[in-house]
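Thanks for asking for a second pair of eyes. Here is a colleague's note, written to be read with the structure open beside it.

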Amino acid sequence: MSLATISNLSLSFGARALLDEACFAIGAHDRIGLVGPNGTGKSTLLKILAGSLAPDSGSLTFRKGVRAGYLPQDILELPPGTLIDTVLASVPNRSRLETKVAELEAAVAQPMEDEEDRLDLAAQLADVHMELADFEDRYGRHRAERILQGLGFKEKDFARSVGEFSGGWKMRAALAGLLLTNPDLLLLDEPTNHLDVPSLLWFDDFLKRSAKAVMLVSHDRDFLNRQIDRVLSFEVEGLRGYSGNYDEYKRQRAAEEEELEARSKRQAEERAEIESFIQRFRAKATKARQVQSRIKLLEKQEIVQALERRQTIRFRFPEVERPGREVLRFEGVTKSFGNNSIYRGLTQTVLRSDRVAIIGANGTGKTTLLRLTAGELPLDDGAITPGHQVRVAYFAQHHTDLLDRSRTVLEEVWSLVPQMTQSYVRSVLGAFLFSGDDVDKRIGVLSGGERARVALARLLVLPSNLLLMDEPTNHLDLDSSEKLVEALKGYGGTLLFVSHNRSFVNQLATRVWDVRDGAVVDWPGNLDDYLYHLAQTGQSMDGSTPVESAAAPKRESEKDRRRREAVEREALLVKLRPVRAEVEALEKQIAELEAQQAEIEPQLADPTVYQDFARAKPLTVAYQVNKDTLEELYPKWEAAQARLEELGGAKA
């Protein structure tokens, strides 16, 4: 049974249509990934489903009693109060029950002449207390505290005012409140953006174990693949639905593109032959009939259009100067902020071609380590020494905010390399989707994703052999994140980076530095290798959030993965086949009966038919029999269709 049905949904901003008569349904246990480039309408669709934005036209129907919960990308403020009170207040009806208890307790305490009235009020009070007790079991403080701790808050944070927390921690508090309410449909817009790796692992496992429906936007490919079983994709031809996870969607989409390209090519060749025939024999009277026939054929033929491919960032880092074997040396590095000691005598080395992923809980000093290395922060003690011929470039989270808002895109990047020609700078910007008049846009009017692309372009025009990168995928869409990974795989230098994007880390890291207690745990391999090691040894990342087996599965070979996915697909098909066959048989039977009714109705509407009893009686009987049969078939079809949707076999 569907939670929500969306029909002919349309929304435009000016001349640009984001949604054009989109139709789909959301089942009770659907796990839907919303994908598409930045600006195509993913967040807009979530806002419409959440009720915070109205479409231009179309309908959105929720099943009675369904609750939807929405987490936007950014939250400006939360209701005032302590952290725990703010999270508890997220659950509806708590205040109603508490008010009802207070009113009944006050009423019972009043003097009464009729003792039965007091007993009646006492019984009501007992019922409300039971309802409140059940409410506390499901939405109470203990559960709220467990969710907050899973998302990285400490017990000492519970009594702090929410106004004291940074924007990222407020987003976590909002997420905690949403998870506590346990809605029937979770609408999540980049929920992992402000999570560090330990809290990401907890949230990943929490969401995976949830039986509720989810619609999710994320730029983390691994996270999407683990969470979804269906994709709604904003393609150039409109909103399209695909079954399976993100990787399966990419395979299906690539197959569609290849098939349409092949059909388009074959059709073009056939049309070329026909046009050649027309040109050769147009002037011959003996061929006039064949020529006209072929002209009509061309006019009637529907042109097969190959799928239009969107532009994505495409670039490669230039060749870099080869440095010495030791690229960076950290010796006795010490750094504190007031009484908060971040590093105490840290000693590590980074070797040529290392790709070091810096992970750990928020507040442990990941960004601080990059800023110390880049020279943005002074050391309290110790030294960070670059190796021979090392040239450093730094991509920081805050660098997109430090771009000169009054400059154009071209001016901002060209200012770094004034000795280069404008055509060279334009060619670099073109790789980041800034072409034509786009290069004359002011930085101040760009979106977060566009500013991130400008910051990446700045890296490209200043060749370096050591890249320091802090959350480089935060404002990029999934396709752009994947292209950045491809470019970094081909980068000839050394990489030191911070990222909570598990897919990004797993594809790039050759070493993991887990920052904890003022030091670094150094582990060879990527994030999954490190998590598997922790799971095998029964360790946790931060001493409070256990790494559960669901969050750190055993490494699986590509061959085993393909075999497992094939078995899972076949098992699903075995379940789907009889239900699909039932739906198709019912649809065929209904269509035949409806066609018969369409033939009978105009005859019954003819008054002359009733003057001929021999003609009228069989028509009337057939019409009534068909009507009764259809009334039996319609609910059967609806029930079969609902079973198909629950199994994940219905098309969007």
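1. **Overall picture.** Please keep in mind that this is a predicted model. The chain has 652 residues, and 44% of them count as buried. Its secondary structure comes to 21 helices and 18 strands. Taken along the principal axes, the C-alpha atoms fill a box of roughly 110 × 110 × 50 Å. If we take contacts between residues at least 6 apart in sequence, 69% join residues at least 24 apart.

2. **The largest nonpolar core.** This core holds 50 residues, and those that touch the most other members are Phe315, Leu429, Phe432, Leu467, Met469, Leu488 and Phe497. The element that gives the most to this core is helix α15 (residues 448–461), with eight residues. As background, nonpolar side chains in soluble globular proteins tend to be buried together.

3. **Met469 and its neighbours.** Which residues does Met469 touch, leaving out those up to four places away in sequence? The list is Leu370, Phe395, Leu456, Leu459, Leu488, Leu495, Leu496, Phe497 and Val498.

4. **A second core.** There is also a separate core of 44 residues. Its members include Ala144, Leu207, Leu224 and Tyr246.

5. **Helices α5 and α7.** Helix α5 (residues 141–150) packs against helix α7 (residues 197–209) with the axes 8 Å apart and an angle of about 130 degrees. The angle lies between 115 and 145 degrees, so α5 is oblique to α7. On the α5 side, the contact is made by Arg143, Arg146, Ile147 and Gly150; on the α7 side, by Ser199, Trp202 and Phe206. Sorted by class, the contact has three nonpolar, two polar and two charged residues.

6. Phe315 has a relative accessible area of 13%, so Phe315 is buried under the 20% cut-off. Phe317 is buried too, because its relative accessible area is 7%.

7. **The aromatic cluster and Tyr491.** Ring pairs link Phe315, Phe317, Phe432 and Tyr491 into a cluster. Where does Tyr491 lie? Tyr491 is in the loop between α16 (478–489) and β16 (494–498). Tyr491 counts as buried because its relative accessibility is 3%. Leaving out residues up to four places away in sequence, Tyr491 touches Phe317, Val320, Arg355, Ser464, Asn465, Leu466 and Leu467. The C-alpha atoms of Tyr491 and Leu467 are 9.5 Å apart in space, while the two residues are 24 apart in sequence.

Terms used
Residues numbered from 1 in each chain as written. Predicted model: local features only at pLDDT ≥ 70, side-chain atom pairs only at ≥ 80, totals over all residues. Heavy atoms only, no water. Core = buried A, V, L, I, M, F, W, Y, C linked by side-chain atoms within 4.5 Å. Buried < 20%, exposed > 50% of the residue type's maximum accessible area, 1.4 Å probe, protein only. Helix = DSSP H or I, 4+ residues; strand = E, 2+ residues; numbered from the N terminus. Contact = heavy atoms within 4.5 Å. Axes fitted to C-alpha atoms, helices over the stretch in contact; angles between N-to-C directions. Parallel < 35°, antiparallel > 145°, perpendicular 65-115°, else oblique. Nonpolar A, V, L, I, M, F, W, Y, C, P; charged D, E, K, R; others polar. Phe/Tyr/Trp six-rings, centres within 6.5 Å; stacked < 30°, edge-to-face > 60°.
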